[in-house]
Amino acid sequence: MSAAVANSSRGGLSDFFYRNSGLLTLALLLPPLLWIGVVYLGSLFALLLQSFYSLDEFSGLVVHEFTLSTYEQLFTATNLTIILRTAVMAALVTVASAIVAFPIAYYAARYARGGWKALFYIAVMMPLWSSYLVKVYAWKLILAKEGIVTWVADKLHLGWLLDALLSVPVIGGASLSFSYIGTFIVFLYIWLPYMILPTQAALERVPKNFIEASADLGASPRQTFRTVILPLAMPGVIAGSIFTFSLTLGDYIIPQIVGNSRPFIGTTVYALQGTAGDIPLAAAFTVVPVVIMGIYLMIARRLGAFDAL
Amino acid sequence: MPAAVSFQHVSRHFGQVKAVDDVSLDIAEGEFFAMLGPSGSGKTTCLRLIAGFEQPTSGHIEIFGETAEGLPPYKRNVNTVFQDYALFPHMTVGENVAYGLMIKGVARAEREAKALEALAMVKLKGFDQRRPSQLSGGQRQRVALARALVNQPKVLLLDEPLGALDLKLREQMQEELKALQKQLGITFVFVTHDQGEALSMANRVAIFNDGKIVQAGSPADVYERPCSRFVADFVGSSNVLPPDFAAAHGGTHAWTSLRPEKIRIAAAGETRGHGQFAASGRVTSVQYQGAITRVAIDVNGTRIAAALPAGVADIQEGQALSLAWAADSLVAMEPA
């Protein structure tokens, strides 16, 4: 026995890490820390810094002097409208995806077993495997005046309903693909998996005997849902809403392709840093979603959304 | 007066598996009733049938004379203490205990007072603001108990409630549960696989095997007069003597149970009185256990184990030993 121990080599890398577990932790953490700390947070910080500079209107050059004048520009009527439009769209998309996702996630977590569960994962994940641009253009065709939605509505003799919907002021338009409704539908479709998966994961962690215990204590299924299932699923829904909300706030492709071409925060940033070359204002605009998300998370925390974590 | 719980030919099948197979039983009001059996014997399914988490495949269940099948759990006046407690992690201990009252619509002040009262009853005064995650296993167990009792159920169901506790705590909780049951007078139905627990706590024990009740009676009944080899083996440990051996040593020609503590050492050359029998053999094992010493001898292939009081004799493995017992300690059983 002792001979075998003495014979084994003491020089291996794993032996070294066994004796110096602190160095192992360091070796594992260093690359991601460099990436997150320097590349990721560093560039975010650089962006923040840019937003405190301003653009010289005559020369078109960035003036490297600290000023709040760029932030002032955010509060012009045009820019406030852009921010409001984006925030309202993001909020609506988030609420709608939470409502659509919950029953799907609930079914997958509570009832689906074996093959059905696999089918659920494939159905939710598969859209993520194909190109985002292709999907958005596909939706443009689906929602177009000559598209399948109009065709189906006509065949069902529901064309009048579609026309009525499109004639609603603000959200209506020439066709679905040229209206806020279209933009909303595509946002909802594209971000839905990001809401379903965290919600399903949260529901998966609610043990069956919590539901039994609640029923045992006299709660009807409706009361159990409200007082036990929903609060425990909330962290998942909030996690999903962070995705849907922030992704909508920052997206610049969908509003360009589907909708009435009115600017969103994303498209504005895209235009400002490109053709206009106004990097400071573009930077200030990108700070807006960060601030909105911060406020949103603070409110969610206050309301106890993370109590079950 | 109707029975607290009554099963009439109740079966619960899961596909091909007969989890509960034609069980009939009556539990009287105020009884401390234990369902004892190995895992998979159907005892927990029976409890879930009373709670309403399962519906019988066939048969009839009554709770205080009221038909129970088809009645959802939230409309039954029974409460359950779950095996892993099932405390809600997003509520404080106080909110957990007051949950049933909140659901019933009891006003906040009243239900909080009652929750505090229930917590005091299980000796957890001052714990109401904590989270279940901040409690030890034993404390969670008490919260689960308070949460059930605060609703003043007519029947309290306990599903292996002490299973997760360590030995000392378990013994303490056994005493407390028993005292609580006496004080409140509520019918307790208790599921356990621990025969010691069942014997020490219950007024009446039903022993389950393969979805059926194989024997029911008082703890003494079940222990002293096991009706089958399964019961003799499962409740305590027993010598199960084959028919030929039993007939030759004071019993009848049947499978026979002989409890180890009914056996004494036969002194060499003693004259045995009427109804006394003995067997000799080599000692195959000696286990010192403090209060008793367990000794097993081999009598021509039949193993006989005795539990001897500490300090009676110094016995070595391999030595010859005679063991003696009275004929009325032998209990004839069904062969199964």
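How many residues of chain A are in contact with residues of chain B, and how many of chain B with chain A? In this predicted model, 16 residues of chain A are in contact with 18 residues of chain B. Looking at the side of chain A that touches chain B, one finds that the elements giving two or more residues to this side are helix 11 (208–216) and helix 12 (221–250) of chain A, and that helix 11 of chain A supplies the largest share, 6 residues. Sorted by class, this side of chain A has 9 nonpolar, 4 polar and 3 charged residues. For the model as a whole, the scores are ipTM 0.85 and pTM 0.80.

Chain B has 9 helices and 18 strands, and along its principal axes its C-alpha trace spans about 80 × 45 × 35 Å. Of the 336 residues in chain B, 43% are buried, and among the contacts in chain B with a separation of 6 or more, 62% are between residues 24 or more positions apart. The mean pLDDT of chain B is 91, and 100% of its residues reach 70 or more.

Some of the strands of chain B can be followed into an open sheet of 4 strands, in which the order is 2-1-4-5 and the pairing is antiparallel. Strand 2 (17–27) and strand 5 (66–67) of chain B stand at the edges of this sheet, and because each has a single partner strand, one side of each is left without a neighbour in the sheet. Strand 1 (residues 5–14) of chain B runs antiparallel to strand 2 of chain B, and 7 bridges join the two; within strand 2 of chain B, the residue opposite B:S6 is B:D26. Helix 1 (residues 43–51) of chain B lies across strand 1, strand 2 and strand 4 (58–63) of chain B, and it runs at about 65 degrees to strand 2 of chain B.

Another open sheet of chain B has 3 strands in the order 11-12-18, again with antiparallel pairing. Here strand 11 (239–241) and strand 18 (331–332) of chain B are the edge strands, each pairing on one side only. Strand 11 of chain B is joined to strand 12 (residues 256–258) of chain B by 3 bridges, with the two strands running antiparallel, and B:L241 has B:T256 in strand 12 of chain B as its bridge partner.

Strand 9 (residues 204–209) and strand 10 (residues 212–217) of chain B pair in the antiparallel sense over 5 bridges, and B:I207 stands opposite B:Q215 in strand 10 of chain B. Between the strands of this hairpin there are 2 residues, and B:D210 takes a positive phi near 50 degrees.

How values were computed
Residues numbered from 1 in each chain as written. Chains lettered and ligands numbered in written order. Predicted model: local features only at pLDDT ≥ 70, side-chain atom pairs only at ≥ 80, totals over all residues. Contact = placed C-beta atoms within 7 Å. Nonpolar A, V, L, I, M, F, W, Y, C, P; charged D, E, K, R; others polar. Buried ≥ 20, exposed ≤ 12 C-beta atoms within 10 Å, placed from the backbone. Pairing = 2+ DSSP bridges. Axes fitted to C-alpha atoms, helices over the stretch in contact; angles between N-to-C directions. pLDDT = per-residue confidence, 0-100.
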